[in-house]
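I opened the structure to look up two things.

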Amino acid sequence: MDAAGGVEAAANGGIEGSADPCSSGGAGGYRRSVHQIAGGGKAADIILWRRARVTFGVIFGATLAWWLFEKSGLSLLTICSDILLILIVLQFIRVKIAGLLDRQPRPLPELVLSEEMVSNAAASFRVKVNSMLMIAHDITLGKDFRLFFQVVIVLWLLSVIGNFCSSITLAYIGTVALVTMPALYNKYQRPVDRYAGMVYRNISRHYKIVDENVISRLPRRFIRDKED
């Protein structure tokens, strides 16, 4: 990396390694940029608006999809079938017009899934599913009371939010947040880390008090079984 690249990387800033969850650095004060945390590559460039046209395209596509599902009243199967029908008809007409004009139609890329791609996706999916099953197993057996409490709170919040908006709206909000929040955080990283650290420490202190009070009021037999 040349000197200009180093200055640009330093200007982007990283997240300092500390005990706060808002920092993603490792030990020894290692700093990771938001681009590295996002995984790097094209996806991180889109999320951080380094490819503004693609990012605008994602937002426009998400907005159009949300409008189609929410305002048209059509089902997912109907919309997907109509879109595929329009694309197939347009491609058919384009090929026929190119044949009438004695022109070679633009070749389409081959849509082929390699065996390696399928194997990697299946292996990654299996690991994630097994991890979720292990967490669910620990929760149902009461091995991790804190995790049980967190899952209950999250599910309750999702249930409350679901009463005010549909799943399509939630997916749309999540998509827009995915391509806006990381970029804003990358721009205002230091003040966000400072205030987020303060909020996290306050929440942790109050949560510890609640946790200790709840556990201390549980029957002794329940606590002994949980520790075993």
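I began with Leu170, which I found in helix α8. I kept in mind that this is a predicted model.

Next I looked up the packing of α8. Helix α8 covers residues 167-178, and it packs with helix α4, residues 52-71. I read an angle of about 170° for the pair, with the axes 10 Å apart. Angles over 145 degrees count as roughly antiparallel, so α4 and α8 are roughly antiparallel to each other.

I then listed the contact. From α4 come Val58, Ala62, Thr63, Trp66, Phe69 and Glu70. From α8 come Ile168, Thr169, Tyr172 and Thr175. I sorted the residues of this contact by type: six are nonpolar, three polar and one charged.

Which residues make the nonpolar surface patch? I noted Phe148, Phe149, Val152, Ile153, Trp156, Leu157, Val160, Ile161, Phe164, Leu170, Ile173 and Val210. The patch has an area of about 1,100 Å².

Last, I checked which helices supply the patch. Both α7 (145-162) and α8 supply at least two residues each. Helix α7 gives the most, with eight residues.

Definitions and conventions
Residues numbered from 1 in each chain as written. Predicted model: local features only at pLDDT ≥ 70, side-chain atom pairs only at ≥ 80, totals over all residues. Heavy atoms only, no water. Axes fitted to C-alpha atoms, helices over the stretch in contact; angles between N-to-C directions. Helix = DSSP H or I, 4+ residues; strand = E, 2+ residues; numbered from the N terminus. Parallel < 35°, antiparallel > 145°, perpendicular 65-115°, else oblique. Contact = heavy atoms within 4.5 Å. Nonpolar A, V, L, I, M, F, W, Y, C, P; charged D, E, K, R; others polar. Patch = residues over 30% accessible without salt bridge, like charges linked within 9 Å, V, L, I, M, F, W, Y side chains within 5 Å. Areas by Shrake-Rupley, 256 points an atom, 1.4 Å probe, with all protein chains shown as cover. Salt bridge = Lys/Arg side-chain N within 4 Å of Asp/Glu carboxyl O.
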